[in-house]
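This report concerns selected local and core features of a single chain. The sequence and the model are shown first.

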Amino acid sequence: MVDTRTESDSIGPVEVPASRLWGAQTQRCLMNFPIGSEKLPLPFVRALGMQKHAAAAANKALGLLDAKIADAIMTAATEVFSGELDDEFPLPVWQTGSGTQSNMNANEVIANRAAEILGGRRGDKSVVHPNDHVNMGQSSNDTIPTVMLISSALMVERELRPALEAMGASLKTFRSSYGDIIKLGRTHMQDATPITLDQVFSAYQVQVEAVLDGLKDVMPRLCKLPQGGTAVGTGINCHADFPATFCNHLNEVAGFTFEPASNKFAGISAHDELVALSGVLNGAASALFKIANDIRMMGCGPRGGFAELVLPKNEPGSSIMAGKVNPTQVEALTMVCAQVMGNHTTVTVAGSQGQFELNAYKPVMIYNVLQSVQLLSDAAGSFTERCLDGMKPDAGRIDELLKGSLMLATSLVPHIGYDKTAEIAGKASKDKSTLKAAALALGYVSEEDFDRWTDPKHMVGPG
């Protein structure tokens, strides 16, 4: 048997575990939505704590909320955003589409904790009321999208951006260390003309930098908050100066720069900025998948594949094939990329479903956006540390494949024409001979000209 206390809401009394700070509406949500195991992410919960702290501070500054109550609310809210009360936020993603239950979860936890701070008891709304005090001047409809933006912006800047910058730096280091090595290029998964490792990895670095540019471009949209729009964007029951005052106090807590949205109707009824962010994350997944997959293929072997790259040996790769080592960091990153691509589909569909003055798909949108940010941050960091940083080229194998390529014949085209060059390559392929032997046998070039014209060093740039 679990000890309980009786709390009530507008529907009636509910028994709540006595050990918990949440109240009646949180308990009803647990009872009414036994769906899945997915919970709203902790970065979202902690951003809720920041939002409640800033709201109480703003209402205090505007003379709307008793200073003693406001201070207690801010103390309790600090415990939320510092992670001390994580266990008090058990609600599933699959709840009301406005996120009202999660807003009330925060209101109830903070109200009960603030009541304790003031010497009261849990459930005594006469000390601190979850709606009248903690939720003063707010609606779930403007609070939840505000928290969605806060949590997204902070995670992107503090987790994803540093992870991608570290990846870009690692790619740059690889280029400076091994960039002069000339390898066989490949198009259509077939041999192509030579290319340097610097050129190959410059493409990867540019892809990562493009993602960083995309995050930079979308960030200003994430920093414009609809807080103060209340129910439908009009700001009913909210002080006219609340939005700006709220953002000032939020910025002190978050160490960031947020500002009121110029149009709060759009911020409540549509979440296009989160769809745009998810689009950047989807682009990141596409870029990282390509980079990781190229590295996987260049490292395939060690005897039967390209084996141009030597990847770090992090752990045994097989329970039966002794000595086998697999590209596990590549596999983890590409699985993450697949998940992010799927998340973007969900976010896109959810973002399109704002009916009139409210988008009622908020929890699933922020769940997928924050999961994508978290997964990309973690996977990019792990891939950089455990693959890129320790990866080395096998110069001997690279040279062997380069010298055996028939596509070195491409450099003969300006001198003897396409048809004769194709005949040389075809003869070498049929006879399983070298290009040089085929060219000399056909009498189309001299040995001296062949050596000069097919020097790979002269084939990695224009001319």
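## Surroundings of Tyr361

Leaving aside neighbours within four places in sequence, Tyr361 is in contact with Gly97, Ala350 and Gln353, where contact means heavy atoms within 4.5 Å. Tyr361 sits in the loop between strand S9 (358-359) and helix H12 (362-386); helices (H or I, at least four residues) and strands (E, at least two) are DSSP runs, numbered from the N terminus. With a relative accessible area of 35%, Tyr361 is partly exposed; buried means under 20% relative accessible area, exposed over 50%, and partly exposed in between (1.4 Å probe, protein chains only). Val349 lies twelve residues away along the chain, and its C-alpha atom is separated from that of Tyr361 by 9.3 Å.

## Basis of the values

The model is predicted: local features need pLDDT of at least 70, side-chain atom pairs count only at pLDDT 80 or more, and totals for chains, interfaces and linings use all residues. Residues are numbered from 1 along each chain as its sequence is written, and side-chain values use heavy atoms, with hydrogens and water left out.

## Helix H3

The 15 residues of helix H3 (residues 67-81) should span 21 Å at 1.5 Å a residue, and the end C-alpha atoms are 21 Å apart, which agrees; the expected span is 1.5 Å times one less than the number of residues. At the start of H3, a side-chain oxygen of Asp66 comes to within 3.0 Å of the backbone nitrogen of Lys68. After H3 comes Gly83, with a positive phi near 90°.

The buried residues of H3 are Ile69, Ala70, Ala72, Ile73, Met74, Ala76, Ala77, Glu79 and Val80. Their cover includes helix H2 (42-61), helix H4 (100-117) and helix H5 (130-134).

## Helix H15

Thr421, Ile424, Ala425 and Ala428 are the buried residues of H15. They cover an arc of only 90° around the axis and therefore lie on the same side of H15, the arc being that of the directions from the helix axis to the C-beta atoms.

Asp419 and Lys430, on the other side of H15, are exposed. Helix H14 (413-416) and helix H16 (435-442) are included in what covers the buried residues. Just after H15, Lys432 adopts a positive phi of about 55°.

## Nonpolar cores

A nonpolar core is a set of buried Ala, Val, Leu, Ile, Met, Phe, Trp, Tyr and Cys residues joined through side-chain atoms within 4.5 Å. The largest one has 106 residues, and Phe201, Phe258 and Ile295 have the most contacts inside it. Helix H6 (residues 140-178) supplies the largest share of this core, 15 residues. Apart from it lies another core, of 16 residues, including Leu402, Ile416, Ile424 and Trp453.

Beyond its neighbours within four places in sequence, Phe201 is in contact with Leu171, Phe174, Arg175, Ile295, Met298, Leu309 and Met391.

Strand S1 (residues 4-8) and strand S2 (residues 13-17) run antiparallel and are joined by five bridges; two strands pair if DSSP finds at least two bridges between them. Thr6 has Glu15 in S2 as its bridge partner. The S1 and S2 hairpin has four residues between its strands, and Gly12 in the turn has a positive phi of about 150°.

Five bridges likewise join the antiparallel strands S3 (residues 182-187) and S4 (residues 190-196), with Lys183 opposite Ile195 in S4. Two residues separate S3 and S4 in their hairpin, where His188 in the turn has a positive phi of about 60°.

Conventions. Polar contact = N/O pair within 3.5 Å; in protein donor to acceptor, adjacent residues only side chain to side chain.
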